[in-house]
Structure formats: structure tokens, C-alpha cells
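Reader: I would like a close look at a single part of this model. Please describe that part, then what lies around it, and give the cut-offs for your terms.

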Amino acid sequence: MLKRTNNIILLFTLSLLLSFINVSAQDASTLAVAETNTEETTDINVKEMIMSHIGDSYEWHFMKWKDKDISIPLPIILHSKESGWNIFLSSELHNPNSKYNQFYIAQEGKHAGKIVEKDSSGAEIAPFDISLTKNATSLVLTSILLIVIVMSVAQFYKRRDSMSTSKGLVGLIEIVVTFIVDEVAKPSIGKEYQRFTPFLLTIFFFILLNNLMGLIPIFPGGANVTGNIAVTLVLALTTFLVVNLTGSKAYYKDIFWPDVPTWLKAPAPIMPLIEIIGTITKPFALMIRLFANITAGHSIVLGLTSVIFVTAKLGAATNGAMTMVAILFGIFIGLLEILVAFIQAYIFTLLSAVFIGLARTPEGETKESVQTIE
Amino acid sequence: MSSSLLTPDTGLLFWMLISFGAVLFILSKFGFPIITKALDKRKKYIDESILAAEMAYKKLEEVKTDSEKIIASAKDEHAHIIKTATQRRDIILEKAKEEAAKEAKHIVEVARKQINQEKEAALSDMRREIALLSVDIAEKVLRKNLKEKDEQMDMISRLVDEINLS
């Protein structure tokens with residue numbers, strides 16, 4: 001069991017090291033482009049490189065090899081008011097100036113970076129865009145992977161006598177499941193915690209796997225999925241729904257008719273308003289926390305790698321020294337990011353469990369007593 | 001796509017809703033309940049096994065103390081039996097000795113009596129024998145003395161005298 005976990009840790013460390021080689025290559029290509037494109041300005045646009053990496057893109061770019069981009073074309077799915085559904089590959093729009101039908105990628109303005117078309121009056125409008133972008137593809141692949149992993153573990157328990165010992169992947173999942181159930185769900189929710197364990201386990205494994213996939217630089221990983229606000233929004237929204245749809249009577253009474261002097265709630269519902277805002281800020285904090293942590297992690301790794309290229313023109317000695325510093329710090333941050341991947345998944349799950357627990361306070365109990373857990 | 005990082009993108013939102021919805025549905029319906037149930041079952045099984053083992057251990061201890069008790073009582077019994085046996089043996093021995101002494105005494109007495117009787121018999125036999133012998137002797141003496149006629153007459157007269165006298 002231990003040996004297997006060690007293997008997995010080793011695998012991640014290795015992939016992190018690989019990430020450096022890969023990111024370096026990618027950056028080198030980006031920077032090379034920057035230099036050829038803007039001969040007169042030797043400034044390297046680190047910000048744009050990082051932003052484009054942590055953002056989304058229509059194709060899955062690997063690197064630039066001898067002036068040729070190597071990338072996986074991804075399907076673009078659009079619904080335009082004028083031409084209806086349009087499905088084509090992103091390779092059609094690879095060059096910044098190319099067009100497919102009337103669609104092209106806007107270079108500036110409100111819709112910069114998105115596929116747009118021109119309406120009859122000549123204004124740029126964005127069609128309804130549900131393209132399988134880099135993040136979406138990574139998301140779908142990771143979801144399939146997660147389903148495969150968990151279902152295979154479930155199959156193990158279905159097929160085998162549950163009294164037999166488990167090892168390997170099953171053992172690993174089992175440890176995490178036991179941890180979430182015993183250390184997160186049980187103490188935070190209290191009785192009837194079993195109702196919520198499937199939900200908590202799903203969000204934990206979903207966030208964890210997406211975080212970890214984001215740390216793997218090569219193809220199925222590397223996308224900044226959990227560092228995307230749309231993804232964390234849906235996760236937080238799910239928690240919001242679970243919390244508020246399973247709340248107890250006391251929970252709703254506390255929101256709409258809390259124990260405060262009547263003038264605070266009677267003609268003008270000041271306290272109820274605050275309470276309602278409170279129910280929204282809780283999942284909102286979850287959303288921002290996960291998004292910010294993962295995005296920051298990706299940015300730091302990219303920024304450290306950029307140091308190598310930014311210092312390239314400062315001479316061999318400086319560049320060499322800075323390269324060493326960047327690599328050492330990069331390894332440190334990479335390892336930290338593995339920890340963060342676990343911690344963020346854990347915090348999201350723990351706080352969801354705590355919010356569920358708070359919403360299920362039985363009559364007569366003050367929620368302050370439970371709130372201290374937070 | 002360098003639009004603001006904080007603006008959720010509709011396309012990704014759509015795919016996230018679909019994929020996370022699918023994951024949540026499948027895993028919370030067919031995945032995790034099986035795992036948690038199996039883990040619960042195993043936990044229960046382990047708890048029960050530990051309890052059963054504890055009970056068995058307790059029972060074993062009980063049996064041990066019981067057997068020790070039985071052994072102790074058997075030892076006691078054993079000692080008691082030996083003690084009573086020795087006592088009885090001593091009594092029997094004593095009795096036997098006593099009886100033997102009595103018997104011996106009796107035998108000696110009977111023997112003495114018999115000896116006495118036999119002695120008496122022998123003595124009376126001897127006496128009779130001696131009387132017969134003396135009569136014989138007297139006869140013989142008489143016969144010798146009364147060979148002559150006058151002597152016989154003397155004798156008769158003497159005897160008559162004697163009878164008369166008496």
C-alpha cells in the first residue's frame with residue numbers, strides 16, 4: 001500500500017520535473033515568437049504568456065517547433081443567430097487572421113480572444129459558444145477518468161467479499177474515503193451524515209483529480225481547470241443548493257426571523273437581508289478560494305520559469321544563476337502545489353460539510369456554537 | 001481568450017454543468033454508496049470480530065479458572081482420600097492386631113486347657129494302670145503266700161476277723 005503511494009508521489013514529482021522541460025519549451029517558443037514579431041522591442045511579455053496559460057484556448061497548444069505550432073485541434077461548437085449551429089475544428093482558426101465562414105477570433109475589444117462574427121450592422125457579436133475548449137476537454141477527460149477510477153473501485157467491492165483486504169488503487173481510494181467520511185462528514189454534519197457522504201466524496205475527488213491533472217504538464221493535464229471561475233462557480237453553486245435544499249426549519253427561521261430585536265427585522269428586514277447575503281457569501285468564498293489558489297499556483301510556476309528567459313539578455317552568468325534559482329524554486333513550488341491540490345480539495349469539502357451541518361441545526365441550538373468550527 | 005479571469009465563460013460553464021452533473025449523478029448513485037457501504041460493513045465485521053475474540057478470550061479465562069478449580073478440588077479429594085485411607089488402614093491394623101492377640105490368647109488358653117485335660121486323663125490312666133498293676137502284684141503276692149493250706153486258713157480267719165471287727 002505504502003509502496004504504491006510512494007510510487008504515485010514519485011510519479012507526480014517526475015511529471016513536475018517534466019513540466020519544467022515542457023513549460024520551458026513552450027515559453028521558449030512563445031518568447032521566440034515575441035522576439036520575431038516585435039524585432040524592435042526585446043521586452044518579453046510574461047504577463048500575456050501567463051494569462052494565456054491560465055486562461056482558456058480553443059486549441060491544445062504544446063509547443064512551437066521550427067516556426068510551426070504543435071497543438072491538438074479541438075472541436076468548436078457555435079450557435080449563431082444568423083447561420084444556426086456551426087461545428088468545426090479549431091485548426092481552421094489557427095492563424096490570427098484566418099476565418100471560418102463568418103467566424104474569426106477577435107484580437108481586441110470586448111470579446112478579445114473569443115470567436116466572434118459580424119452582424120448586419122458590422123458590429124462584433126459573440127455567438128452562443130459551447131466549444132470544447134482546452135479547459136472543457138480537460139474537464140471532460142478528467143470526469144471520465146474519475147468515473148472510471150471510482151467505478152472500478154466500486155466494482156472491486158461489489159465483486160469481492162468486502163472482508164478481504166484491499167490494496168493498490170482500491171486501498172488508496174479507501175484511505176481517502178475513510179478520511180473524508182470519518183474526519184470531515186461525521187464531525188461536521190453530525191447525525192444523518194450518510195446522506196451527504198456521496199456528495200462530499202464526489203466534490204472532493206472531483207476537485208482533487210482536476211487539481212492534480214492541472215499539475216501534469218503533458219496532454220491530458222496542464223489545463224487550469226479548477227483555476228477557472230466557471231468551474232468553481234458550478235462547484236460552489238452545487239454546495240449552495242445542497243446546503244439550502246436540505247436546511248432545517250431552525251435554519252430558515254434563523255434567516256428570515258432571527259433572534260434579534262423586532263425593529264431589526266419588522267418593517268425593514270435588515271437582519272434577514274444580512275442573513276440572506278450570508279448564505280450567498282459562504283459558497284462565494286468557496287468559489288473564489290479555490291479559483292484563486294489554483295490560479296496563483298499556476299502563475300507562480302509559470303512566472304518562475306519565465307525568470308530564465310527574462311534574464312537571458314543579462315549575460316550567461318546572471319542567466320545561469322537565475323536559472324538555478326528558478327528551477328530550485330520551481331521544484332519547491334511544484335511540490336507545494338501538490339500539497340495545495342490536496343488542501344484546497346479538503347477545504348472545499350470540509351467547508352461544504354460545515355455549511356451543510358450549520359443548515360441542519362436542530363431547533364433550540366444556536367448556530368454560533370457550531371460556527372466556531374469554521 | 002484573455003477576457004477577464006473573473007467572468008465565467010458560457011461554454012465552459014455548459015461543459016462543467018454537464019460533466020460535473022454526470023460525475024455527481026453517477027458517483028453518488030452507483031459509485032460511492034457501494035464503497036462506503038462496503039467499508040461500513042467491513043468496519044462492523046471487524047468490530048464484531050474483536051468483540052467475539054474478546055468474548056472467546058473471556059470464556060477461555062473462565063474455563064481456565066474452572067479447570068484450575070477442578071484440579072484443586074481433585075487434589076483436595078485426593079489428599080482426603082489418602083488421609084482417610086491411612087486412617088482406616090491404621091484402624092484395621094490396630095483391630096487386626098487386637099484380634100490376633102485375642103485369638104492367640106484364646107488359642108493358648110484352649111491349648112492349656114487341653115493340655116490340662118490330657119494331663120488329667122494321663123494321670124487317671126496312670127492311676128488305673130497302677131491300681132491294676134498293684135492288684136496284679138497283690139494277686140501274685142497273695143497267690144504265692146496262700147500256697148499252703150494253713151496259711152490260707154490263717155488268712156481267711158484274719159479276714160473274717162477284720163470284717164467282724166469292722
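Author: In helix 6 of chain A, the buried residues are A:Ile229, A:Ala230, A:Val231, A:Thr232, A:Val234, A:Leu235, A:Ala236, A:Thr238, A:Thr239, A:Val242, A:Val243 and A:Asn244. Buried means under 20% relative accessible area, exposed means over 50%, and partly exposed lies in between, with a 1.4 Å probe and protein chains only. Helices (H or I, at least four residues) and strands (E, at least two) are DSSP runs, numbered from the N terminus.

This is a predicted model, in which local features need pLDDT of at least 70, side-chain atom pairs count only at pLDDT 80 or more, and totals for chains, interfaces and linings use all residues. Residues are numbered from 1 along each chain as its sequence is written, chains are lettered from A and ligands numbered from 1 in the order in which they are written, and side-chain values use heavy atoms, without hydrogens and water.

With 12 of its 17 residues buried, helix 6 of chain A is mostly covered. This helix runs over residues 229-245, and its first and last C-alpha atoms are 23 Å apart, close to the expected 24 Å; the expected span is 1.5 Å times one less than the number of residues. At its start, the backbone nitrogen of A:Ala230 has a side-chain oxygen of A:Asn228 within 2.9 Å. A polar contact is a pair of N or O atoms within 3.5 Å; within protein, one must be able to donate a hydrogen and the other to accept it, and residues adjacent in sequence count only if both atoms are side-chain atoms.

The cover over the buried residues of helix 6 includes helix 3 (134-159), helix 5, helix 7 (249-256), helix 8 (270-310) and helix 9 (316-359) of chain A, together with helix 1 of chain B. Contact means heavy atoms within 4.5 Å.

A:Asn211 belongs to helix 5 (residues 197-215) and is buried, with a relative accessible area of 4%. A polar atom of the A:Asn211 side chain lies 3.0 Å from the backbone oxygen of A:Ala341. Beyond neighbours within four places in sequence, A:Asn211 touches A:Thr226, A:Leu290, A:Ile294, A:Ala341, A:Gln344 and A:Ala345. In helix 8 of chain A sits A:Thr295, which is buried at 7% relative accessibility. Outside four places in sequence, A:Thr295 is in contact with A:Ile54, A:Asn224, A:Gly227 and B:Leu5.

As for the chains, 49% of the 374 residues of chain A are buried, while buried residues make up 12% of the 166 in chain B. Chain A has 10 helices and eight strands; chain B has two helices and zero strands. The average pLDDT of chain A is 80, and 84% of its residues score at least 70, where pLDDT is the predictor's confidence in each residue, from 0 to 100. Residues 20-42 of chain A have a pLDDT below 50, although this stretch has 27 contacts in the model beyond near neighbours in sequence. Where pLDDT is low, the predicted coordinates should not be read in detail.
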